[in-house]
Amino acid sequence: MPALRPRRFLPTVLMILAAFFVITQPHKAAMAVNAAVDAVQTITKALTTFSNGLG
């Protein structure tokens, strides 16, 4: 039996848990994804504003 590689094991477990969450609670999953996208957009706007201020 091949040994489990930590680099592949952890992402696989996280993806299985995420899929289970999406299947069992789609409304909460959609809200979580929406919040994450909003956070990424806010960070992008902040970095853009900062870089524009540098000249």
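Leu 17 counts as exposed because its relative accessibility is 51%, where exposed means over 50%, buried under 20% and partly exposed in between (1.4 Å probe, protein chains only). This is a predicted model, in which local features need pLDDT of at least 70, side-chain atom pairs count only at pLDDT 80 or more, and totals for chains, interfaces and linings use all residues. Residues are numbered from 1 along each chain as its sequence is written, and side-chain values use heavy atoms, with hydrogens and water left out.

**Secondary structure**
- The protein has two helices and zero strands, taken as DSSP runs numbered from the N terminus (helices: H or I, at least four residues; strands: E, at least two).
- Leu 17 lies in helix H1, residues 6-24.
- Helix H2 covers residues 26-54 and has 29 residues.

**Surface and burial**
- Of the 55 residues in the protein, 2% are buried.
- The protein exposes about 5,300 Å², 73% of it supplied by carbon and sulfur atoms; accessible areas come from the Shrake-Rupley method with a 1.4 Å probe, and for residues only the protein chains shown count as cover.

Notes: The expected span of a helix is 1.5 Å times one less than its number of residues.
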